[in-house]
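Student: I am new to this structure and would like to learn how to read it. Could you take me through some features, one at a time?

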Amino acid sequence: CASTPENEGTYQILSSQRGINLYPNPANSACIIETESEFGAGAVAEIYDMQGRIIRSYVLRDHKTQIGLDGFSPGLYLCSITPGDGLVSAFKKLVIE
């Protein structure tokens, strides 16, 4: 999707069931983010609380990356994955116990 004046700043959103896998989920101190090849190394994972605040960001080194969850309060979070070009995002719920 080329950036043109009429679509500049827009994003294609993938369904929450496609493109991203988090496990274990629910998680405790760490979880693995596994992405489809369309995201590639260098994609950014962001964890949001339910108020929409970014709690933590991670740069993914591979299609499978372990992230630490130390310091997170138990609850429901949203994980987004965005590649370096910023054109495709995927979202997945993450439960921390």
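Predicted model: local features only at pLDDT ≥ 70, side-chain atom pairs only at ≥ 80, totals over all residues.

Student: How many helices and strands does the chain have?

Tutor: The chain has zero helices and eight strands. Along the sequence, the pattern reads β-β-β-β-β-β-β-β.

Student: Is Met 50 buried, partly exposed or exposed?

Tutor: Buried means under 20% relative accessible area, exposed means over 50%, and partly exposed is in between (1.4 Å probe, protein chains only). Met 50 has 48% relative accessibility, so Met 50 counts as partly exposed. In the chain of 97 residues, 36% are buried.

Student: Which residues make the nonpolar surface patch?

Tutor: Patches take residues with over 30% relative accessible area and no salt bridge; like charges are joined within 9 Å, and nonpolar side chains (Val, Leu, Ile, Met, Phe, Trp, Tyr) within 5 Å. A salt bridge is a side-chain nitrogen of Lys or Arg within 4 Å of a carboxyl oxygen of Asp or Glu. Accessible areas come from the Shrake-Rupley method with a 1.4 Å probe; for residues, only the protein chains shown count as cover. Here Met 50, Leu 76 and Val 95 make a nonpolar patch of about 240 Å².

Student: How many disulfides does the structure hold?

Tutor: A disulfide is a covalent bond between the sulfur atoms of two cysteines. The test is a pair of cysteine sulfur atoms within 2.5 Å. The structure holds zero disulfides. Cys 31 is in none, and its nearest cysteine sulfur, that of Cys 79, is 7.0 Å away. Cys 31 is buried, with a relative accessible area of 1%, and Cys 79 counts as buried at 0%.

Student: How many aromatic pairs are there?

Tutor: Rings of Phe, Tyr and Trp (its six-membered ring) pair if their centres lie within 6.5 Å; planes under 30 degrees apart are stacked, over 60 edge-to-face and the rest tilted. The count comes to one aromatic pair. The ring centres of Phe 72 and Tyr 77 are 5.3 Å apart and their planes are at 80 degrees, so the pair is edge-to-face. Phe 72 and Tyr 77 are both buried.

Key. Residues numbered from 1 in each chain as written. Heavy atoms only, no water. Helix = DSSP H or I, 4+ residues; strand = E, 2+ residues; numbered from the N terminus.
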